[in-house]
Amino acid sequence: MAKTKTAFFCQNCGTQYPKWTGQCSSCKQWNTIVEEVVQKEEKRSWKSDSGSSKRTSHPLKISEISNEKELRMDSKDLEFNRVLGGGIVPGSLVLLGGEPGIGKSTLLLQIALKLDYKTLYVSGEESQKQIKMRADRIDPKSENCFVLTETKTQHIFQQISTLQPELVIIDSIQTLHTNHIESAAGSISQIRECTAELIKFAKESNTPVILVGHITKDGTIAGPKILEHMVDTVLQFEGDRNYVYRILRSLKNRFGSTAELGIYEMQGSGLREVNNPSEVLISKNEEDLSGTAIAATVEGMRPLLIEIQALVSTAVYGTPQRSATGFNAKRLNMLLAVLEKRAGFKLGAKDVFLNITGGISVDDPAIDLAVVAAILSSNADIPIEKGVCFAAEIGLAGEIRPVIRVDQRILEAEKLGFATIYVSKNNKIGLKNSAIQIKRVSKIEDVVRELFG
Ligand code: TYD
Ligand code: MG
């Protein structure tokens with residue numbers, strides 16, 4: 001009988017060792033190295049069970065390779081298409097990561113139900129009944145969506161060869177289990193092996209596969225980093241579970257840009273595509289409220305108008321509180337120091353709370369000026385006029401600095417009917433004759449004078 005082969009794997013980063021050690025030399029974590037069975041004496045191929053042969057490829061001159069535009073499968077979901085760079089590429093492997101309960105299964109089931117292609121949705125987590133219940137909530141009736149509850153890859157491939165689906169969805173990679181390896185489902189070597197089998201299947205049959213991957217506490221996709229290297233595209237679904245907005249980002253994309261971004265709203269009947277995010281992120285208050293300002297930001301490639309709210313009040317305790325939601329707290333402190341030192345506002349004894357509405361978080365420095373405007377508006381208790389928005393960074397000397405993609409921001413503000421936008425005096429603007437009034441400022445005092453008289 002052949003000896004079972006084992007090896008030691010770091011459960012954090014996936015590095016393989018011939019023997020046990022206390023600390024992983026690659027990621028420096030302690031006690032993460034675990035022995036796993038690597039291989040049973042069997043042929044390893046996704047088709048080995050059905051016994052068919054493999055297709056071999058041969059070298060081609062680069063000039064001989066046809067560069068016809070890659071055909072893409074329309075997922076019928078504008079946001080999903082946008083993030084993938086125009087649709088699903090046949091034969092590609094897409095990994096969708098996200099925290100538990102964020103809506104990964106909902107998103108993929110919804111896409112499977114809308115598609116015109118024959119889709120196999122494999123779940124290792126929920127029963128067919130549970131999936132049916134979810135599908136009833138989402139609603140579109142589909143004759144093309146097949147559901148399978150299975151965790152063994154060999155069984156899945158058997159079903160695939162009889163059903164011949166045009167798209168396979170696996171929910172989730174951590175529940176899969178292959179016969180060729182003995183360790184438990186979810187272990188590093190299982191994840192790696194199952195993914196390798198799926199890649200082989202996808203490339204040989206030209207069928208796209210979408211995998212769901214769980215996320216660990218520190219926000220990385222559970223399993224080895226190599227999982228991300230193996231797949232063609234890594235998508236991340238994120239958002240605050242207490243809010244309805246969800247953002248779909250691409251972290252890696254072999255077939256498109258990673259700067260694209262999709263926005264969804266979680267509703268009782270599934271996820272709604274938000275094709276015009278700025279309209280929903282800005283609240284439509286009739287009365288003027290002090291302490292709110294609108295910033296023209298850019299997320300990925302998309303211009304986005306967001307609302308910033310600030311509350312400045314006299315500190316009750318000796319040490320004033322500073323808290324920021326959706327904005328970097330250190331940057332808030334820096335802006336407050338600039339206001340104090342460069343613009344002469346005495347905020348040292350005030351509590352300052354800052355919030356970006358909609359539960360989104362932004363790290364675009366171009367929202368600095370809107371943050372400062374919101375703080376000053378709350379401090380003076382004077383509302384900022386309606387129809388005003390801001391796009392500029394603030395430097396340590398109190399100067400208002402130019403930002404990238406200013407034209408795009410101005411256009412978006414104009415599209416949404418804003419009357420005035422404040423930008424830096426030094427920002428080069430390519431736009432000609434726009435309907436929006438562009439106010440160019442160089443110091444915080446200029447803005448204060450304009451806004452509060
Ligand atoms: P789910 O897709 O199960 O998350 P994941 O697969 O990422 O773990 O989403 C679960 C949450 O979404 C759950 O808390 C309920 C909510 N939800 C809705 O609000 N509306 C819906 O139509 C559906 C199907 C789920
Ligand atoms: Mg799920």
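Helices (H or I, at least four residues) and strands (E, at least two) are DSSP runs, numbered from the N terminus. By that count the protein chain has 11 helices and 21 strands. This is a predicted model, in which local features need pLDDT of at least 70 and side-chain atom pairs count only at pLDDT 80 or more, while totals for chains, interfaces and linings use all residues. Residues are numbered from 1 along each chain as its sequence is written, chains are lettered from A and ligands numbered from 1 in the order in which they are written, and side-chain values use heavy atoms, with hydrogens and water left out.

**Whole chain**

Start with the C-alpha trace, which spans about 85 × 50 × 50 Å along its principal axes. Of the 453 residues, 47% are buried (under 20% relative accessible area with a 1.4 Å probe, protein chains only; exposed is over 50%, partly exposed in between). Among contacts (heavy atoms within 4.5 Å) with a separation of 6 or more, 66% join residues 24 or more positions apart.

**Domains**

Next, colour 1-40 as domain 1, 73-273 as domain 2 and 280-452 as domain 3; these bounds come from an automatic or database domain assignment. The centres of domain 2 and domain 3, taken over C-alpha atoms, are 38 Å apart.

**Between domain 2 and domain 3**

Select the interface: 13 residues of domain 2 are in contact with 10 residues of domain 3. The two domains bury about 980 Å² between them, 59% of it on carbon and sulfur atoms; buried area is the accessible area (1.4 Å probe) that two parts lose on being put together, summed over both.

Salt bridges (a side-chain nitrogen of Lys or Arg within 4 Å of a carboxyl oxygen of Asp or Glu) number 2 between domain 2 and domain 3. Show R249 and E299, which form a salt bridge with their closest N and O atoms 3.1 Å apart. On the side of domain 2 that touches domain 3, the elements giving two or more residues are α1 (78-84), β10 (245-253) and β11 (261-267).

**T175**

Finally, move to the loop between β7 (167-171) and α5 (188-205), where T175 lies. Is T175 buried or exposed? T175 is buried, with a relative accessible area of 17%. Its side chain reaches the backbone oxygen of S172 at 2.7 Å. Leaving out residues up to four places away in sequence, T175 touches G124, E125, T151 and A185.

Methods:
A polar contact is a pair of N or O atoms within 3.5 Å; within protein, one must be able to donate a hydrogen and the other to accept it, and residues adjacent in sequence count only if both atoms are side-chain atoms.
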